[in-house]
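Reader: I would like to go through this model with you, beginning with the ligand and then moving on to the strands. Shall we start?

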Amino acid sequence: MTEVHGGVDGDSAGPDGFAWPESVDPRAAAYIEGALGDASARNFAAWREHLIVPRVLRDVTQVSTEWHHDGRTSSAPIAIAPWASQTFVHPDGERATSRGAWAAGVPIVLSSNSATRVADLPGVDEGGAPFWSQLYVSPDRGDIVPYLEASKAAGALGFVVTVDAPTVPTDFPFRAPIRDIAPPSVNFAGGVMPAIAADLSLDDFRRIRETTGLPVLAKGVLSPADAAMLVDAGVDGVIVSNHGGRQLGGVVSTGAALPGVARAVAGRVPVWVDGGIRSGEDVFRAIALGADAVLVGRPAARALVDGAAGVEALVRRLRDELVTVMTMAGCTTLAEIDRSLLA
Ligand code: FNR
């Protein structure tokens with residue numbers, strides 16, 4: 001096998017021994033599973049530290065996991081995280097992710113570094129999922145304008161600006177081999193994603209909002225002070241994320257960061273969270289700690305091995321598990337899930 005390191009075991013297996021099939025290039029599998037230090041492992045662990053304290057003698061004959069957002073209803077408070085170059089895993093890439101997510105009734109976030117042009121995502125009338133477009137802002141702000149325009153034309157619900165990548169970590173061991181196999185970055189001229197601005201500011205948020213008229217969310221917020229600053233400046237949502245532990249090895253886990261950010265936001269805008277969410281119990285814990293919804297990254301990548309059906313099955317499993325834990329804990333709606341249900 002090619003000499004690259006992924007997961008935590010030094011090969012392309014996931015940290016839990018998930019085996020990627022031969023159809024996926026081992027360099028791509030290592031890139032997907034990769035993280036720095038223990039950062040991704042700490043994300044899993046942080047959720048599991050919180051033990052659930054069920055309430056009993058509540059009428060749980062009807063339990064709804066419906067998530068109301070953007071004037072619409074999704075079947076569960078779950079969306080597929082933006083992850084790059086999905087044709088690494090399945091020839092239909094982002095198109096299969098979109099169809100699979102919506103077959104289970106949840107939206108997606110498209111990576112700007114996708115292998116599918118935003119204009120080529122299946123529309124809602126073709127079974128495609130409602131979507132937000134994620135983007136990295138480039139040093140030359142003009143570079144992102146065509147992507148903003150194409151996203152709006154394709155019906156994006158809004159934009160997710162990733163704020164936790166002012167640089168590419170030099171010690172990320174999976175980037176170099178990936179350059180050899182990555183599909184072109186189809187959303188940008190010349191097939192190359194522009195560099196990422198190290199001087200991203202609130203002005204960028206204002207400009208994107210003004211030029212597109214669409215909501216703009218910030219992805220990669222871990223500090224309550226930053227969350228407060230962003231909300232005060234008019235951002236439409238805050239996503240607690242450490243990029244799946246791919247930017248900084250010693251970073252705080254998202255489960256530990258979430259309560260402080262949620263307190264700072266104080267219900268003014270939605271708070272989403274990602275990193276290590278692997279089960280319905282994890283979704284429940286995230287909501288109890290103040291999230292409105294969660295994103296899943298690597299589980300969706302693994303599921304995409306089986307195309308749209310795989311992604312659909314993943315979301316259905318998470319939703320079914322969430323129904324079970326809500327029922328056990330005495331909650332009939334997401335609004336009833338709160339901190340008092342965790343030890
Ligand atoms: C990512 N992530 C990511 N984030 C982003 O804003 N833009 C991107 O293009 C990518 N690309 C990407 C590729 C791959 C292979 C992975 C695994 C992740 C981060 C992603 O959106 C999300 O924050 C994490 O994946 C969440 O953690 P889990 O669910 O993977 O543990």
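Author: This is a predicted model. There are 24 residues around the ligand, and Ala81, Ser111, Gly244, Gly297 and Arg298 come nearest.

Reader: Turning to strand 8, which residues point which way?

Author: Strand 8 covers residues 237-240. Gly237 and Ile239 point one way, Val238 and Val240 point the other way, and all of them are buried.

Reader: How many bridges join strand 7 to strand 8?

Author: Four bridges join them, and the two strands run parallel. Strand 7 spans residues 216-221. The chain passes from strand 7 through helix 7 (residues 224-232) to strand 8 in a right-handed β-α-β crossover.

Reader: What about strand 8 and strand 9, over how many bridges do they pair?

Author: Strand 8 pairs with strand 9 (residues 271-274) over three bridges, again in the parallel sense. Within this pairing, Val238 stands opposite Val271 of strand 9. Strand 8, helix 8 (residues 254-265) and strand 9 also form a right-handed β-α-β unit.

Reader: Back to strand 7 for a moment. Where is Lys219 found, and what is its bridge partner in strand 8?

Author: Lys219 is found in strand 7, and its bridge partner in strand 8 is Ile239.

Reader: Is Lys219 buried or exposed?

Author: Lys219 counts as buried because it has 26 C-beta neighbours inside 10 Å, where 20 or more are needed.

Reader: Which residues is Lys219 in contact with, leaving aside neighbours within four places in sequence?

Author: Lys219 is in contact with Gln134, Val160, Val161, Thr162, Val163, Ile239 and Ser241.

Reader: Now the largest nonpolar core: which residues have the most contacts inside it?

Author: Those are Val238, Val261, Ala291 and Val294, in a core of 97 residues. Helix 11 (residues 307-329) gives the most to this core, with nine residues.

Reader: Take Val294, then. What does it touch, not counting residues up to four places away in sequence?

Author: Val294 touches Pro77, Ile78, Trp272, Val273, Asp274, Ile277, Val283 and Ala286.

Terms used: Residues numbered from 1 in each chain as written. Predicted model: local features only at pLDDT ≥ 70, side-chain atom pairs only at ≥ 80, totals over all residues. Near = placed C-beta within 6 Å. Buried ≥ 20, exposed ≤ 12 C-beta atoms within 10 Å, placed from the backbone. Pairing = 2+ DSSP bridges. Right-handed = clockwise from strand over helix to strand, strands pointing away. Contact = placed C-beta atoms within 7 Å. Core = buried A, V, L, I, M, F, W, Y, C linked by C-beta atoms within 7 Å.
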